[in-house]
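Please keep the sequence and the model in view while reading.

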Amino acid sequence: MISIVFVSPPAAGKGTQSQMISEKYNIPHISTGAILRNEAELMSEIGIKIKEEMISGNLISDSIIIELLNKRLNEKDCEKGYILDGFPRTLNQAKLYDEMLEKKNKQINYIFYLKIDKETAYKRTIGRLTCSNCQTVYNNMYESTKPKVSGICDKCDGSLVKRNDDSFETFEKRYQNYLSLTEPLLEYYRRKNNIYEINSGISKEYTFKQITKVIDDGVIND
Ligand code: AMP
């Protein structure tokens with residue numbers, strides 16, 4: 001069983017790394033952002049509220065997140081492990097997750113802190129395109145991460161869309177939320193578990209190599 005969480009600013013690459021890890025180790029990639037975007041698309045009463053909060057760059061309430069996550073983690077494909085992308089995002093979520101794991105008699109195996117400076121995170125956010133079908137992430141700001149055909153996913157031919165929370169204003173809000181609410185998790189996890197710091201500002205291949213070194217050999221040379 002491999003269970004992974006990330007602590008990272010917006011656009012540090014947690015979605016991309018989650019997908020690469022998922023393919024290599026054959027465990028599901030669980031993105032709370034993607035679960036929420038699906039919920040928002042349903043246009044239910046709760047979906048409409050979620051959409052409004054996401055467009056404003058606000059975090060969704062812990063009770064909604066925990067309920068959706070718990071449901072997902074109880075699915076069969078999570079038995080051999082999973083990667084959490086975007087959760088926990090607050091100290092309270094980290095504590096609630098620890099309680100959830102204790103009940104299931106499980107633990108977090110790897111915590112990856114993806115380090116990136118604010119300017120790079122901003123550039124990645126503004127150029128980001130996501131496949132509406134398979135969630136693969138591209139970026140028009142960098143030659144190496146552009147799709148082969150503009151607007152089309154290289155992997156599944158799905159159409160590429162810009163997330164409606166990838167704007168300058170929302171980025172600022174999300175970044176400030178990260179600093180005030182998510183970054184304190186570093187201290188919490190440093191006291192409790194093994195946390196691995198990885199430079200995520202070079203390339204996705206470099207980041208992935210560091211992550212797999214930790215998982216396969218338990219070491220990191222960053
Ligand atoms: P992401 O796809 O991880 O960048 O998340 C997109 C948006 O979904 C965030 O800006 C939040 O509004 C919401 N979100 C995702 N994960 C969480 C979470 N664990 N707690 C609260 N809100 C979340």
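A residue counts as buried under 20% relative accessible area, as exposed over 50% and as partly exposed in between, with a 1.4 Å probe and protein chains only. By that definition, 48% of the 222 residues of the protein chain are buried. The model is a predicted one, in which local features need pLDDT of at least 70 and side-chain atom pairs count only at pLDDT 80 or more, while totals for chains, interfaces and linings use all residues. Residues are numbered from 1 along each chain as its sequence is written, and side-chain values use heavy atoms, with hydrogens and water left out.

**Overall form**

- The protein chain contains nine helices and eight strands; these are DSSP runs numbered from the N terminus, helices being H or I with at least four residues and strands E with at least two.
- The radius of gyration of the protein chain is 17 Å, which agrees with the value near 17 Å for a compact globule of 222 residues; this radius is taken over C-alpha atoms, and the globule rule is 2.2 Å times the number of residues to the power 0.38.

**Nonpolar cores**

- A nonpolar core is a set of buried Ala, Val, Leu, Ile, Met, Phe, Trp, Tyr and Cys residues joined through side-chain atoms within 4.5 Å.
- The largest such core has 31 residues, and those touching the most other members are Ile 30, Leu 73, Tyr 82, Leu 84, Tyr 97 and Tyr 189.
- Among the elements that each supply at least two residues of this core are strand S1 (2–7), helix H5 (91–104) and helix H8 (184–192), while H4 gives the most, with five residues.
- A second, separate core of 21 residues includes Ile 4, Tyr 25, Ile 27 and Ile 83.

- Three bridges join S5 (residues 128–131) and S6, and Leu 129 has Tyr 138 in S6 as its bridge partner.

**Aromatic residues**

- The structure holds 10 aromatic pairs, meaning rings of Phe, Tyr and Trp (its six-membered ring) with centres within 6.5 Å, where planes under 30 degrees apart are stacked, over 60 edge-to-face and the rest tilted.
- The rings of Phe 112 and Tyr 196 form a tilted pair, because their planes stand at 40°, with centres 5.9 Å apart.
- Both Phe 112 and Tyr 196 are buried.

Note on methods: Two strands pair if DSSP finds at least two bridges between them.
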